Each structure stands twice: as C-alpha cells, then as structure tokens.
Amino acid sequence: MLINVENLNIDIATANGTLAAVQDVSFCVSKGETLCIVGESGCGKSITALSLLGLLPKVATRTARAMTFDGVDMQMMSKAELRALRGNRLSMIFQEPMTALNPLHTIGRQLLDVYRAHRKASRKEAKERAIYLLEQVGITNAVQRLNNYPHELSGGMRQRVVIAMALMCEPELIVADEPTTALDVSIQAELLRLLIDLQKSFGMGMIMITHDLGLVSRIADRVIVMYAGQVVETAPAEKLFTNPSHPYTRALLGSVPDPSHPRMKPLPSIPGTVPSLLNRMEGCHFLDRCPLASDACRKPIQLQQIGGNHEARCIKVGEGKIRLKVVA
Amino acid sequence: MLNYAVRRIFMACLLALFVSFISYSLIFAAGDPAAAVAGEASTAADAERIRQLYGFDQPILVQYLHWLSGVLRGDLGTSLYFDQPVATLLLGRFAMTAQLGIFALILALVIAVPLGVAAGRWPNSIIDRLALLFAVIGQAMPSFWFALLLIILFSVKLSILPASGTASWQSFIMPTIVLGYFAMPAIMRLTRSGMISALEADYIRTARAMGLSEARVLFDYALRNAALPIISLSSAQFGFLLAGSVVVESVFAIHGAGSLAWESIARGDLPTIQALVLCFSLFYVVLTLLADMLNAMLDPRMRSK
Amino acid sequence: MTEASAFSAESSKVNATKSRLFRWLRHGSLMLGLLIFVTVIVMAVFAPLLAPYDPYLQSLPARFTPPVWLPGGGWEHPLGTDQLGRDYLSRIIYGAQISLSIGVGTAIVSGIIGTFIGVCAGYFGGKVDSVAMFVITARLAMPVILVALAVVALAGSSLTVVMLTLGFLLWDRFALVIRATTIQLRSSEFVTAAELQGASVLQIIGHEILPNLLNNLIVVATLEMAQAMILEAALSFLGLGVPAPLPSWGLMISEGKASILFEPWLITIPGVFLFALVLGTNLLGDGLRDVMSPHGRN
C-alpha cells in the first residue's frame, strides 16, 4: 500500500468560527491504482488533496488517526523530510495551468529546479530528463520549448508542462486536482488520456479529484463520493455505477448530462444548497436535500457496509427506487 | 520591446518639457523676479532697469523658450551670486548629492527589503509588528529633526561622529542614515505587501508542492516577482530622496545641490534656482524611465511585447 | 415585509452599527491616532485658555530656563523658555494652531484639485485620463520642497502662502486614489442605472460618484494633512515657511538649532510634539482606511 489515510479531519479557522471542512475521511491507494474523489465544489476534496502534501493554509489544522506513505508516518515527518517527499515520490498537478507556473522563469528553468531539488544531477542530465518528459506529454520541439516563458504557451500546453513537472522525479503517487477543468473541452479528453497512459506506463498510484462522473467511470479503480466534508459512499468503480446506494450519489449520477436528453428540456439538478460546515451537524448532511429524509436521519450516521468494499453513509440503503426530481 | 522603449522615451521627453515649463512659470508667477534680483535695498527704478536688462518684461512663454534654447545648448545661465556659469557650478554640487543619495538608497534597500520579506513571510508575527512600527515611525519622523537628534546624540553627547561637513567618510554616516530612513517605510511596506501576494500565488504553491527549498521559494520565486514594483518605487524614492537632500544638506552643512538650492533661494539667485529645479525634475524623469526599462527587461511578459 | 422580518432587519442594523463601533474601538492604533489628534485639536482650539503665558512675551532675564525635569527648571515654566525668554509650553500650545490650520487648509485645497482631476480622469477615461495621468506624473517629477521653498520665498512667507503652495503641490495622492475609485464606481450597476434613466453627467457625478468617494476622501485627506504638517515644519525650519515670531514647531526647532550644544531640549521638545502629531494623524488615516474598507466591513 502506497498511501493510507484513516480518519482525516481538517478544521479551518474563520472569522465566524471553526469550519469542519473534512470529517473522518479514510482511503488508501496502491501502486498503479486510481482513486477518484468526487463531489461538488466546497465538499472538501481539494483541501484533502492539499493536506496529503502538507500544503494546507495556515488557518487549517489537520488531524488523522493514521497517515502513512509507503509505511512511514507522514504526521511524524519533519518539514525537510516532507519536502524531500514532495515533487519526488509524491507529486501533485493543480487545477489552474494559467497561474500554476512562475511567470518570470522559463519552463526549462522550472523543470530543472524540480529535478535538481531532489536529485544530485548535472544540468545536462536534468535537461535531458526535462526534454524526455516534455516529449512524453506530447510537446513538440521540446528543446526549444525549454526556453519559452509560461505566457508564451497556451493553457493546454501549460498544463502539459505542469504534468511533466510533476513527473520529473518519477513519483510513485500523483495527486491530480481537477487537472483539466480549466481547459477547453476538446483538450480535456486528450490530456486525460495522456495522463492515464503515463500513469499506466510509469506504474504510479493516482488520486484524481474531480466532479466529472463521466471521467470517473472511465479511469477509476475506486471511488469516494464526498458531500459537505464527509465521505457518503465509497466503492470500487463498477459497483458504484451499477449500484449507487447513497441518495446523493444517485442524484449526482442523475445530474450527469446525457447526450440523449431531449433538447430544450431542463437538465436535472439537485434541489437545495450544500449546508454550512460552520456548525457541526449531528445527522446526515444531505438531509435537507434528500427525498428519503426522515426523523431517523437526524441521528449520527456511520458508513455502513453494503457489499464487498462498498460502503455508504445512509440508513435507507435499498429503500424505494427513488425517482429524481427534475428542477427547472 | 523596442516599440515600448521608443514610446516610453518620447513620453519622458514630453514630460521633461512640460515639467520644466510649469516649474519655470510657477517660480516667475510667485513674485516679481526683478525685485528679487535687485535685492531689498533697491528702488523701483533699479527694478525697472533690471526688468529690461533680463527681459523680465516679455511674455513668460517667450522668456521660457529663450531659456530653454539656452538649456538645450548646455547654457543654464549665469549665477547672479557667484558670477559664473550655472552649469559648472551645478556639476560639482550634484556629484556630492548623487553620492549621498546612492549611499542612502543602498542603505534603505539593504534594510527595508529583508525586513519587508520577513514581515511578508510571517505576517502578524513579532517581526512583522516591529517592521510596521519601524515604518510608521519613519513616516512620521521629520528628517530635519531626526538629523538634529542624531547630532545631539552622536556629536554632542557621545562625540563620536562629526556634526557637519564632508571631511571624512564618518561625516557621511548620519546624513546617509537620515536620508535612507526617509526612503525605508515605503520600500518596506511595498516589499511586505508584494511578498504576501506573491506567496499566495498559485505558482508558489506549485513550487512548494514540487518540494523546492524554502529559500528558493522565498527569494528566487516570490521575491523576484515582488521585486518588479520595488524597482519602480525605489527609483521614485531616489528622486524624492535627492529632492529631500535640501533639508538634510542644510542641517549637516554639506555642499551639495540641495544646500545650493536653499542658499540660492535665500539669495534670490533665479537662474540657479531654475536650473536646480530643472535638474531635480530631470533626475526623476530619467530615473523612472530607467526603472520602467529595467522592469520591461526583467519581465518576460513585457519583453516580448 | 412582515412584522417579524422588519424586526429582525432592524435588530441586524443595530447589530451592524454596534459591531462597527466595536471594530473602531478594537483598532488600537486608530484609537491612539484619534487620541493624539483630538488632543492637539483641543490644544489649538483652547490655546488662549490653556497657555499659561502670552507666547510672544519676551523676558530676557528668564531666557534658557530648562524644563521642569532638568536641574534648574521649575513649574513656573514646565517646558522651559527659549532664547528670548518666551514660555516654551505656551508657544507649543499655540503652535498646534499653525500645524492644524496648515494641515486642514492644505488638505482642502489639494483635495479639491485632486478630486477634480481624479473624477475627470476616472469618469471620462480615454484621452482625458491620459492627459490627467500625464499631469499627475509631471507633478510627481517636481521636487516639492524645492518648488515650495522657491515659491514661498518669492511670494513672501505667510501662513496663507504656505498653505496655498502646499495645497497646489500635494494633490497627487488624491488624484490617484479618486481616479481609481471613480473607475470602479463608473462600471457599477447604480451608475449604469442612472445613465439609463437619462441622468446628466453632472448629476451622475454629483449624486452617484461623489457621495461614494467620501470614505476615500477622508482617508486621503488625513494622510495628506500629515504630509502637509511635516512639510510646513521643514519649510519653516529652513526659514522659508511660516515667518517668525509665529510659534511654528518647525521654526522653533530651527531657532533652537543654535543652542544645540547646551540646550538641546529646545530642539527635542517641539520635535516630539511634531512627531507625535504626524504619527497620530498617520495612524488615524491608516486606521480609518482599515475600518472603512469594504473588505474589513464583512
């Protein structure tokens, strides 16, 4: 097992009180495996990703019962040990390619900086590695591109550079936080395929943060569905899609645009809004928006085993085939 | 880039012309130059004679153009007091002031930039509060009073530094501190806010996620981005600092352009005053021009334009 | 609106006022600045009542009396006397009038000029803005102290001349801040709405823009006052500002300069007051910016 996280909690101090952004999230990823964390924006998935690298903002505090990377307790690591891990064995791809690169350095310089931060390598070796990876991520004229500044490249190109940067030191685990959301739809598919191919050929573990269920169905081995800071369902990918058990998961699946959807008819969406996490809620977080909600849902609800490796945080699993309300 | 440079230089020239005209006419509009030249003991007839002799009776634009054509030929007029060409007079004086100004700017940068970096790296920490206190005090400190306080402490009470003159390198210590402190608050604050916003940038998060060392993140990635506005500000501050030398040079009896300005004003030496105002303005215009050029060269986004 | 929601709106308004007051009170440096500033205003306004002596009354036998905390000093002259035997405390108290009137006068003159330029630049944009920016840059290029010295020297030094000269030289910050704010306001919805209703340019500027500039104007005016007070002192120190025998703090420092060897307190005392006033005014301005900014309001 590459990374193992048990009962991760993240609190954020705000002017209006403490916000429990992530509550008791657990997961693990092995080599070559892909875990997808799915949820709406603000559900805590991005901050979970940042916490893995120890990059939380100062106002956030992280606690976990266990958090190990390759068997080593990450909570006991010193800053220097963590830094030696980041970008080296554990790497990350961010959402915004337009701003993720330093505007004042050439991309070659930035790629080399990463390599030389972790390897005792000559400039020449680092440069060769950079050229190799730029070619791997589908950039032509890699040698000349090294001298380009970020602003001289398109968004898609920049994200390729960001991916190459994350792969410079052959990481064992890569965390990708919505790596294609900011890009044109036409480029999205191409870049994702590239990312998945690279993952397979390098044998990396991957944690993909996304809200795109179509993407999840194509790449995930395992899926975690998060809602308002909590895991509401976790399952191997095929089980999640054949047997979605939590009402929120079903609602999410119902709101994926279907190409056969009749034109000019309103797209399905989930009624209501995500609750504020400022006050710790006792019962089900999805209560207010759930068609199956009852008084029993106001009590604390644990993740429950449904089948092999399949858990959902709902006491009504299996009850009534709900028909999703379509809201204009 | 070339296009930008040409346009920027053209603007600077236009600016210099405009500023020189405004300064020229402002000083003329302020009083009767003939009376000022003639001195307090003169009669109305004396003033009238001088008015005609110097051409003060002509429209101001004519006088300005006349003066300007001289300036462009390198003739800044003749000092009424020293009876020698203003240009020669100014050369030596400006060398002194520029020297003092450079010392002061270096001191300001050496103290204010690291302080601003530390304050921006650890906002609301003790060091940030101390840096802010240092800046707030600097902004409220009248430089002439600060100069006198230093003299009282180091020359009168402790007698370890000379109170005036430029005889030895020790004489430059207090003037440099006073002028430097004058420029520090603005530079410190800008460095601090620049570092704070740079450290919040996505590319810093990327650099950290890639495991770059804290020193590299702080100085190579963040400070370099924060440095661009610091360059602009420093050049402007250098201009202000040169102009501020009027006060400091008069306190420390340094024979630079600043004290010359003060003396010339007290003596009503109009050609010298005009030339000095022109020179100080030109300094500012040229300095900001250079800073913009430097910025354009350091910022690849500007460079490729 | 139902009764209940009217009530809750009312109470939330009260809460908002309360929390704003609380934020003001909690802002330590703002309170310190306010305290200093108000103290100096009281000194200036009630100078005839507070000052123990006539600030111009000379008494040569009593010259160079040290302040009370130094040997030889006494409560008769708590801050001592100057080279002409004038009571230093009384001169300091009356000096507050000069600093404050210079500060307020300059802020008004420069505020009018700067607001005019800033609003024009921000509202009309394009060529007007380019010209305005050019004028602002030109103003920044002019050496303030030098031009002020020359103008005051030629026009003859008096309180009014210093005030007007500084007012005509210190409008740059007003212009820049007002311009930036006007550009923001210009694109706001309520200005667009007024335009659509057919309001004239003057109506829009008068009814929509200017009232919303008020907060910024107050902040910049405060900071500019500090700037003007420090410059007046510098001009007076150089002997080309407020004329003697007026008790300008800058002039007092200048007069004390000759006694630097034996009576350094003639320099330190007015300097401390000047420093404190400028510090207080700056803290007030910075603090007002903090509590008035929409960012802090949330």
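Hi everyone, and thanks for coming. A quick word on conventions: residues are numbered from 1 along each chain as its sequence is written, while chains are lettered from A and ligands numbered from 1 in the order in which they are written. As the model is predicted, local features need pLDDT of at least 70 and side-chain atom pairs count only at pLDDT 80 or more, with totals for chains, interfaces and linings using all residues, and side-chain values use heavy atoms, leaving out hydrogens and water.

Let's start with who touches whom. By contact I mean heavy atoms within 4.5 Å. Two pairs of chains touch, and the most contacts are between chains B and C. Chain A and chain C do not touch; 10 Å separates their nearest C-alpha atoms.

Now for chain C itself. Helices here are DSSP runs of H or I with at least four residues, strands are runs of E with at least two, and both are numbered from the N terminus. Chain C has 13 helices and zero strands. Its C-alpha trace spans about 75 × 50 × 25 Å along the principal axes.

The size of an interface is often given as the accessible area lost when the parts come together. Between chain C and chain B it is about 3,600 Å², and carbon and sulfur atoms give 86% of it.

Side chains of opposite charge can pair when their charged atoms come close. I count a salt bridge when a side-chain nitrogen of Lys or Arg lies within 4 Å of a carboxyl oxygen of Asp or Glu. The interface of chain C and chain B has one salt bridge, and you can find one between Asp286(C) and Arg189(B), at 3.5 Å from N to O.

Over to chains B and A. This contact takes 25 residues from chain B and 29 from chain A. About 2,300 Å² is buried, with 59% from carbon and sulfur atoms. Two salt bridges are counted between these chains; Asp220(B) and Arg109(A) meet in a salt bridge with N to O at 2.1 Å. Helix 10 (214–252) of chain B is among the helices that supply at least two residues to the side facing chain A, and helix 10 gives the most, seven residues. That side of chain B divides into nine nonpolar, five polar and 11 charged residues.

On a 1 Å grid over the protein atoms alone, a cavity is a set of points where a 1.4 Å probe fits but cannot get out, and a pocket is an open set with protein on both sides within 12 Å along at least five of seven lines; lining residues have an atom within 4 Å of a point. Volume is the space filled by probe spheres set on the points, which are joined across faces, edges and corners.

The second largest pocket has a volume of about 1,200 Å³. Of its 31 lining residues, Leu55(A), Leu56(A), Pro57(A), Lys58(A) and Arg208(B) are the closest to its centre. Helix 9 of chain B gives the most to this lining, four residues.

As for cavities, the count is six of 30 Å³ or more. The largest has a volume of about 70 Å³, and its lining includes His246(A), Cys284(A), Phe286(A) and Lys316(A). That lining has nine nonpolar, one polar and one charged residues.

One last stop, inside chain B. Glu263(B) and Arg93(B) form a salt bridge at 3.9 Å from N to O. This pair links distant parts of the chain, helix 11 and helix 5, 170 residues apart.

Note on methods
Buried area is the accessible area (1.4 Å probe) that two parts lose on being put together, summed over both. Ala, Val, Leu, Ile, Met, Phe, Trp, Tyr, Cys and Pro count as nonpolar, Asp, Glu, Lys and Arg as charged, and the others, Gly among them, as polar.
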